Amino acid sequence: MKKSLAKTYVVVTAAVGLLLAVAVPAQAALQVDITDSSQSAIPIAISPFGSDRGQLPVDVAQVASEDLASTGLFEVLARQNMVARPTRADQVNYENWRTSSVDNLVVGSVAPNGQGGYRLTFDLLDIYQGQSIASFQINAGRNELRDAAHTVANLIYEKFAGEKGYFLSRIGYITMAKENGGLRYRLIVSDYDGKNPATVYFSRDPIMSPAWSPDGSKLAYVAFDINRGRSSLRVQDLATGNIREISSREGINGAPAWSPDGRRLVMTLSYRGNPDIYSYALGTNQLTQLTNNGAIDTEASWSPDGRHIVFTSDRGGRPQVYRMRSDGGQVERLTFEGDSNQRASYSPDGQKITMVQKSGNGFRIAVMDRESNNIRIVSDGPLDDSPDFAPNGQAIIYARQGRSNELATVSTDGQTRSRLSQGGEVREPAWGPLGY
Amino acid sequence: MFRKLADNWRSVLLAVGLHLLVAVLLVVGVNFVSDSSARGNHGQKIVRASVINPDSVSTDMPEMPEPESEPEPESDKAAEQTKAQRAAEKAAREKAEAKKAAEAEAARRKAEAEKKAEAQRQAKAQAERKAQAKAGREAKKEAEREAKEKAQREAKKEAAEKARREAKAKAQAEAKAQAAREKAQAERQAKAEAERKAKAEAAAKAKAQKEAREEAARKKREAAQRRAAAEQAERESSMREAMQREAAGRRDAANSQALGAYVQAIKDKVESNWLRPPGARNISCKVRVKQLPGGQVTGFRLLGSCGSSAVDRSVEQAISKSDPLPKAPSDSVFSPEIEFNFEPDQ
Amino acid sequence: MTINKRRLPLIALLTVAMLALAACGSNKSLRDDDDMPGAGGMGSQGDQGMGMNSGRDIDVRGLEGIDPSDRDMFTDPNNPLSTRIVYFDLDQSAIPSRFSQAIQAHGRYLSKHPNVKLRLEGHTDERGTREYNVALGERRAESVQQAVVLSGASDRQLSTLSFGEERPAELGSTESAYSKNRRVEFIYTK
């Protein structure tokens with residue numbers, strides 16, 4: 001009796017088990033965990049923009065291509081390798097473009113806007129999905145075609161990176177050259193890529209430490225006057241050329257940096273006997289001393305939330321980076337690696353600090369993550385100086401000295417490097433705001 | 001599920017309505033920076049109010065000359081001379097007046113034009129301000145809508161997640177229980193078998209022993225023969241069972257090995273095609289992909305946002321670039337639906 | 001970044017060698033500078049390797065505040081007053097003892113000529129960040145200022161101005177150039 005019941009039981013369970021073994025995969029989805037991604041750049045092609053007026057004064061597609069390629073985030077197809085040169089979405093044969101390993105295609109055209117300027121229209125197409133991701137239209141004045149091309153790059157960059165592009169931003173830097181039997185120092189402002197340089201101030205005596213106001217309308221900097229035997233820290237309005245002298249006291253007047261609201265300057269003064277950091281209110285002309293000790297305190301820089309100031313101090317022996325509250329209280333040391341750490345400044349989101357670190361290999365640019373306190377070296381040295389974050393925090397510009405003298409940019413993760421070539425000795429780059 | 005819908009009919013309506021709105025917007029197309037120079041924070045540097053040249057403003061009709069008021073005397077030489085003189089004077093006067101009038105006219109025109117231009121500048125500035133405020137409000141509204149949508153998607157995602165987890169756990173538990181039951185059953189069987197055999201043996205043995213005195217040798221031989229036979233049968237059956245288990249085990253191993261390799265192949269292909277935006281943090285999302293047995297992707301959808309629209313796009317491109325997916329090694333391993341879980345280590 | 005312990009002896013050896021070279025280097029350039037004024041003509045400036053502060057500049061600018069009748073003293077190589085550049089070791093603002101005699105001479109001169117003003121211009125080599133180097137140059141200038149005051153000058157006759165690394169005496173990234181750039185120059189102003 002028991003035996004036959006057990007037998008039936010076995011047969012039934014076997015049958016059910018078999019059914020389940022066959023049925024289960026058809027009902028539950030296969031699980032695949034994606035935990036990594038490719039390190040490659042995004043393949044994109046920008047087809048030459050169409051124009052019914054013949055050749056335009058600016059090759060929009062070329063300018064935008066160079067912008068995107070310089071970030072290292074994009075792999076831009078060279079024009080001679082394009083299978084076709086469409087200017088409208090309906091001219092695109094997606095199958096052909098897929099064979100070129102191009103994931104994304106930009107097609108556009110430029111037309112007069114009836115007011116002496118231009119209207120640019122363009123589409124961003126996804127080659128694999130075979131459709132348009134977005135369409136844009138830009139209006140520009142007669143002399144603004146290059147800016148419009150940069151705006152094309154900004155819009156595309158933002159779609160893929162999720163950050164604003166910096167292609168309309170400007171940089172300031174200082175050059176020194178021999179001219180007319182003497183020396184000429186120049187403070188120059190140019191596009192972020194070095195194009196369209198314009199001299200903002202020049203002198204036979206050294207110029208130092210350019211610093212952009214947060215709205216990009218002014219530059220603070222230091223100019224020496226050897227005849228007077230003084231240095232002068234001033235603020236110059238870029239539109240009017242108006243110069244407002246902030247401090248020309250005995251001793252050091254140096255290292256200006258702006259507060260995030262543009263209302264205060266922090267600076268180094270030594271007129272009271274020792275280099276210390278002071279805060280200056282541009283509205284009231286009030287000067288407040290923030291550090292007060294016998295060591296060198298200099299190279300102050302504000303945090304983007306306005307609550308802290310990082311600075312260089314050798315109160316511990318060698319120069320290191322310290323941080324204090326913006327009223328001067330609660331000083332704490334931030335750096336403990338390398339021989340010395342100097343000239344710190346924050347990224348726009350406040351998450352990172354860049355600085356110059358000296359080690360056995362010389363002076364190199366370092367990036368410190370504020371959360372993890374990890375430090376990553378992003379340049380080769382041996383004499384790198386003056387790092388400054390791009391206004392979207394994705395890159396750092398700095399100066400190389402020694403055998404090669406040039407300005408260079410590196411992506412914040414250290415992967416992509418590019419060079420801006422300048423004539424003569426060049427130093428102290430400062431990266432202005434986004435420009436839009 | 002439908003009761004839940006009925007309970008929350010308001011949110012369902014809102015969700016559907018928002019999705020429709022978004023769909024409409026997408027269909028109509030994003031016109032990012034319109035041609036009106038008054039609108040747009042994009043290209044603010046580029047887009048400036050342009051001043052219309054006052055010289056190009058259309059002019060008014062010129063003034064009519066003043067009508068004659070002086071009567072002309074009868075023809076007389078002197079009178080004619082005077083007439084001519086007066087005419088000349090009048091002409092000169094008229095000329096002067098016309099000149100004055102023209103000057104005044106020009107001045108008036110200029111003033112008007114300037115006023116007009118000024119008014120236009122102001123109107124344009126005002127329109128700019130208005131439009132910027134409007135754009136700001138719209139952006140705010142858009143942000144609010146997006147936030148609401150996102151919250152709802154999140155909630156939906158969580159609910160779906162939860163249900164899936166529970167279903168998965170349930171299925172897993174069932175399968176486990178099933179396997180355990182089977183195993184126990186097989187064990188019980190073997191055990192019962194062995195017990196029965198042992199019992200039979202013992203009974204036969206006892207019987208033989210009872211009759212052993214009368215037919216000792218023959219019975220002994222018979223018992224021994226029976227014993228030997230029983231042992232042989234047992235050996236054979238247990239050998240059969242062992243062989244069966246081995247065969248089943250080999251099949252399972254081959255299946256799970258093939259499955260593992262298949263999943264790895266899919267993972268490798270999608271990961272090598274995924275171009276992640278740099279600096280994107282806290283990426284976490286699931287994608288449902290439908291495929292044919294040859295690996296061709298027939299459709300996919302994101303179950304909720306991966307963190308930002310840039311990351312969403314990168315995930316979609318990773319899937320579409322990986323089409324066709326690696327072919328499944330066997331029918332038993334193939335699944336028409338794959339669920340990708342994008343959760344990279346930072 | 002921590003220094004590899006195994007490399008420590010090598011680093012120490014190199015540092016000692018550097019300092020030795022620097023010391024040798026500074027002595028040499030001191031003598032060179034003294035030779036310069038005699039040989040100087042109009043066109044000697046502007047060679048590669050020479051910065052804007054060749055010996056000629058310190059004589060043109062550096063003696064403007066000295067009465068012409070006294071200038072011979074400041075250019076006579078046998079007179080300690082002719083030493084008008086103090087050189088420093090790497091990262092140091094302490095005055096090497098070989099300059100003590102010269103500093104005393106300048107202090108005495110200033111105490112005898114209360115209307116003469118001396119500006120001490122501080123410099124560094126190009127290593128390190130620029131603004132920190134301005135502060136380091138000032139530290140050196142103040143160090144000399146203290147010493148000169150101790151030797152008789154009055155505070156109000158003295159001032160300092162630091163250029164950091166902005167006005168090297170010699171261009172280049174060699175130890176020789178570096179040792180010539182770590183200096184304080186005596187500029188007698190009107």
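A salt bridge here is a side-chain nitrogen of Lys or Arg within 4 Å of a carboxyl oxygen of Asp or Glu. By that rule Arg281(B) pairs with Asp369(A), with the closest N and O atoms 3.9 Å apart. This is a predicted model, in which local features need pLDDT of at least 70 and side-chain atom pairs count only at pLDDT 80 or more, while totals for chains, interfaces and linings use all residues. Residues are numbered from 1 along each chain as its sequence is written, chains are lettered from A and ligands numbered from 1 in the order in which they are written, and side-chain values use heavy atoms, with hydrogens and water left out.

**Where chains A and B meet**

- The contact (heavy atoms within 4.5 Å) takes 54 residues from chain A and 54 residues from chain B.
- Chain A and chain B bury about 4800 Å² between them, with 53% of it on carbon and sulfur atoms; buried area is the accessible area (1.4 Å probe) that two parts lose on being put together, summed over both.
- Leu30(A), Val32(A) and Ile34(A) supply 15% of the area that chain A buries against chain B, more than any other three residues.
- Between chain A and chain B there are 2 salt bridges, and the pair of Arg281(B) and Asp369(A) is a salt bridge.
- There are also 18 residue pairs in polar contact between chain A and chain B, both residues at pLDDT 80 or more.
- A polar contact is a pair of N or O atoms within 3.5 Å; within protein, one must be able to donate a hydrogen and the other to accept it, and residues adjacent in sequence count only if both atoms are side-chain atoms.
- On the side of chain A that touches chain B, the elements giving two or more residues include helix H1 (2-27), strand E1 (30-34) and H4 of chain A. Helices (H or I, at least four residues) and strands (E, at least two) are DSSP runs, numbered from the N terminus.

**Salt bridges within chain B**

- Over all chains, the whole structure holds 43 salt bridges.
- Glu161(B) and Lys286(B) meet through their side chains at 3.6 Å, N to O. This pair links distant parts of the chain, with Glu161(B) in helix H3 (residues 77-212) of chain B and Lys286(B) in strand E1 of chain B, 125 residues apart.
- Glu161(B) counts as buried at 18% relative accessibility, and Lys286(B) counts as buried at 13%. Buried means under 20% relative accessible area, exposed over 50%, and partly exposed in between (1.4 Å probe, protein chains only).
- Glu339(B) forms a salt bridge with Arg288(B), where the closest N and O atoms are 2.7 Å apart. Glu339(B) lies in strand E3 (residues 337-342) of chain B and Arg288(B) in strand E1 of chain B, so the pair ties together parts that are 51 residues apart in sequence.
- Glu339(B) is buried, at 1% relative accessibility.
- Glu161(B), Lys286(B), Arg288(B) and Glu339(B) are among the residues linked in a network of salt bridges.
- Lys267(B) and Glu271(B) meet in a salt bridge of 2.9 Å, N to O. Both lie in helix H4 (residues 216-273) of chain B, 4 residues apart, about one turn of the helix.

**The disulfide**

- The structure holds 1 disulfide over all chains, the term meaning a pair of cysteine sulfur atoms within 2.5 Å.
- Cys285(B) and Cys306(B) are the partners, at 2.1 Å from S to S. Their link is right-handed, with 75 degrees about the S-S bond.
- Cys285(B) lies in strand E1 (residues 285-291) of chain B and Cys306(B) in the loop between strand E2 (297-303) and helix H5 (309-321) of chain B, so the pair ties together parts that are 21 residues apart in sequence.
- Both Cys285(B) and Cys306(B) are buried.

**Two enclosed helices**

- In H4(A), 14 of the 17 residues are buried, so this helix is largely enclosed by the rest of the structure. Gly162(A), with a positive phi near 70 degrees, follows H4(A).
- In H5(C), 16 of the 21 residues are buried, so this helix too is largely enclosed by the rest of the structure. Gly152(C) follows H5(C), and its phi is positive, near 125 degrees.

**Backbone details to look at**

- A cis peptide bond joins Gly381(A) and Pro382(A), with omega about 5 degrees.
- Another cis peptide bond joins Asp323(B) and Pro324(B), where omega is about 5 degrees.
- Asn180(A) is not a glycine, yet its phi is positive, about 55 degrees. Asn180(A) counts as exposed, at 77% relative accessibility.
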